[in-house]
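Subject: Structure for you to look over

Hello,

Here is the structure I promised to pass on. Please open it next to this message and read the notes below it.

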Amino acid sequence: MNDYDVIVIGGGSAGTAAAREATNAGARTAMINDGELGGLCILRGCMPSKALLASAHAMHDLQKLDGFGIRFEGKATPDFEAIVSRKDAQVARFKRAKISSIESQSYEVIDGRGRFDSTGCLQVGDRTLRGGRYVIAVGSVPNVPMIAGLDDVPTLTSDEVMRLRTQPDKLLVVGTGAIGLEMAQFFARIGTKVTLAGRGPLLGNLDAECGAELTRALEHEMEVFAPAGLDGVRPEGHGARVVLSHEGQRIERSVDAVLFATGRRPALEGLGLEHVGLRPSNRGLEHDAGMRTENPDIFVAGDSTGRLALLHIANQEGAIAGFNAAGGTPERCIDYRLKMGVVFSDPPFAQVGLSEPELIQSGRPYAVGRARFPETGRAITMNTEHGLWKMFADKETCEIIGASILGPRADDLIHIISTLMHKNGCVQDIIDLPWYHPTLSEVILNVARELSSQLNCPEPVMPPC
Ligand SMILES: Cc1cc2nc3c(=O)[nH]c(=O)nc-3n(C[C@H](O)[C@H](O)[C@H](O)COP(=O)(O)OP(=O)(O)OC[C@H]3O[C@@H](n4cnc5c(N)ncnc54)[C@H](O)[C@@H]3O)c2cc1C
């Protein structure tokens with residue numbers, strides 16, 4: 001006899017979505033969560049990082065007032081403690097809202113760490129629970145590379161940054177993914193001297209052109225070495241002496257700490273997966289489109305998959321895993337076609353669908369349209385210095401298959417493209433739609449017209465007048 005039809009292990013975004021959908025599909029459901037409820041996104045991820053960045057961007061905007069004809073004669077001084085308290089207050093608010101949404105559901109929440117035992121049951125403290133099916137949604141932990149000497153110097157991950165009470169004067173940020181770029185810009189804009197180093201060029205795996213433009217923008221605020229290697233670290237005073245290699249040169253810097261933003265790995269250690277016939281790959285847990293693992297009674301969702309560590313994906317995967325685990329019909333499938341990624345830097349970067357490196361690798365014939373923000377009306381009124389909108393269309397069908405946007409409000413603008421892609425929209429659909437003037441959104445018209453001039457798109461069928 002099973003204790004529950006579905007047991008969800010992990011109570012973050014993926015886990016709560018899974019528990020909600022399993023319950024709604026009629027399953028007796030329990031969600032096991034180890035420690036604080038709220039999930040990474042609220043406690044140490046999306047939300048606190050955006051709260052910190054909002055303070056940093058506000059500080060930076062003051063320094064740009066001159067360009068708008070406004071003289072600012074006061075002195076703005078970032079107050080690290082106040083910035084952190086503001087962030088903490090917002091996190092507390094988001095956490096309260098999340099907990100009350102969990103409490104409004106009818107699944108059982110059990111506090112504790114789950115582990116499969118040799119009989120395939122789940123051990124949680126001194127309880128043994130048997131589920132008909134399980135959803136693994138245990139999230140991820142920061143990945144720190146093995147480098148000799150690291151144990152002897154002050155290091156941080158994004159988890160520790162959220163608990164930091166003293167602002168470092170000098171910081172080396174290692175990692176040029178979204179977290180590294182956001183953390184580097186946060187500290188740089190509140191007065192820390194930041195050196196940013198990454199293995200590859202900025203946004204290299206997403207869009208090298210936008211990456212080069214972002215590098216030019218960031219170089220005004222920090223030292224950027226990418227691609228670069230971290231060749232050595234040694235203690236120096238209370239901080240560290242770090243050695244980097246970049247373009248054949250050896251670069252040494254003294255810093256207070258090294259912040260590693262070098263990715264996260266699924267938190268699968270100690271789950272006892274061997275007892276349920278699962279062996280994670282180097283990346284994480286393999287699954288099919290219905291989020292089912294190699295064990296047909298075990299599903300996986302969110303960062304535990306090791307695939308795309310993004311909140312909207314965790315929510316979607318969790319909902320699908322929970323529904324399918326509950327035996328919901330017809331079975332639901334994940335569609336990664338509309339996957340999005342955003343870096344909340346200034347200028348922000350956003351990408352949806354197929355990236356240019358993915359298109360090149362796939363061999364699919366495509367055309368690319370471009371528009372530069374600094375040459376477009378609304379962006380000029382905003383003194384925009386950097387920005388590029390790129391959009392990709394299938395060469396034969398003219399369907400929009402992806403886009404990269406670097407520029408003001410890219411994080412919001414990308415949803416125009418994802419909406420179009422959801423409806424399998426084509427270049428001509430964009431040209432036919434009205435676009436309010438002057439907006440940043442209307443830049444898409446320039447991009448679409450450039451694409452249209454390269455492609456042989458069918459004329460739209462207009463309804464009779
Ligand atoms: C600094 C930072 C900024 C980010 N910013 C963004 C952003 O702007 N946009 C975006 O889309 N994504 C962002 N992310 C990523 C996003 O936060 C994650 O992809 C998402 O929160 C993952 O959700 P999850 O449910 O998979 O994992 P989690 O939210 O981590 O949930 C896992 C839960 O499982 C629990 N658990 C672990 N092991 C066990 C066990 N054995 N038994 C029981 N419970 C267990 C954990 O305690 C945790 O509560 C960011 C991440 C970081 C670190």
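This is a predicted model: local features need pLDDT of at least 70, side-chain atom pairs count only at pLDDT 80 or more; totals for chains, interfaces and linings use all residues.

Domains. The chain is split into three parts: domain 1 covers 4–142 + 265–335, domain 2 covers 150–262, and domain 3 covers 347–454. Between the C-alpha centres of domain 1 and domain 3 there are 31 Å.

Helices H3 and H4. H3 takes in residues 46–63 and H4 residues 80–103. Their axes come within 9 Å and cross at roughly 145°, and the crossing is right-handed. On the H3 side, the residues in contact are Met 47, Pro 48, Ala 51, Leu 52, Ala 54 and Ser 55. They meet Ile 83, Arg 86, Lys 87, Gln 90, Val 91 and Phe 94 of H4. By type, the residues of this contact are eight nonpolar, two polar and two charged.

Helix H6. This helix runs over residues 178–189, which makes 12 residues. From the first C-alpha to the last, H6 reaches 16 Å, close to the 16 Å expected at 1.5 Å a residue. H6 is mostly covered, with 10 of its 12 residues buried. The buried set consists of Gly 180, Leu 181, Glu 182, Met 183, Ala 184, Gln 185, Phe 186, Phe 187, Ala 188 and Arg 189. Charged side chains are therefore part of that set, namely Glu 182 and Arg 189. After H6 comes Gly 191, which has a positive phi, near 105°.

Regards

Notes
Residues are numbered from 1 along each chain as its sequence is written. Side-chain values use heavy atoms; hydrogens and water are left out. Helices (H or I, at least four residues) and strands (E, at least two) are DSSP runs, numbered from the N terminus. The expected span of a helix is 1.5 Å times one less than its number of residues. Buried means under 20% relative accessible area, exposed over 50%, partly exposed in between (1.4 Å probe, protein chains only). Domain bounds come from an automatic or database domain assignment. Axes are lines fitted to C-alpha atoms, for helices over the stretch in contact, and angles run from 0 to 180 degrees between N-to-C directions. A crossing is left-handed if the near helix is turned anticlockwise from the far one by less than a right angle, and right-handed if clockwise. Contact means heavy atoms within 4.5 Å.
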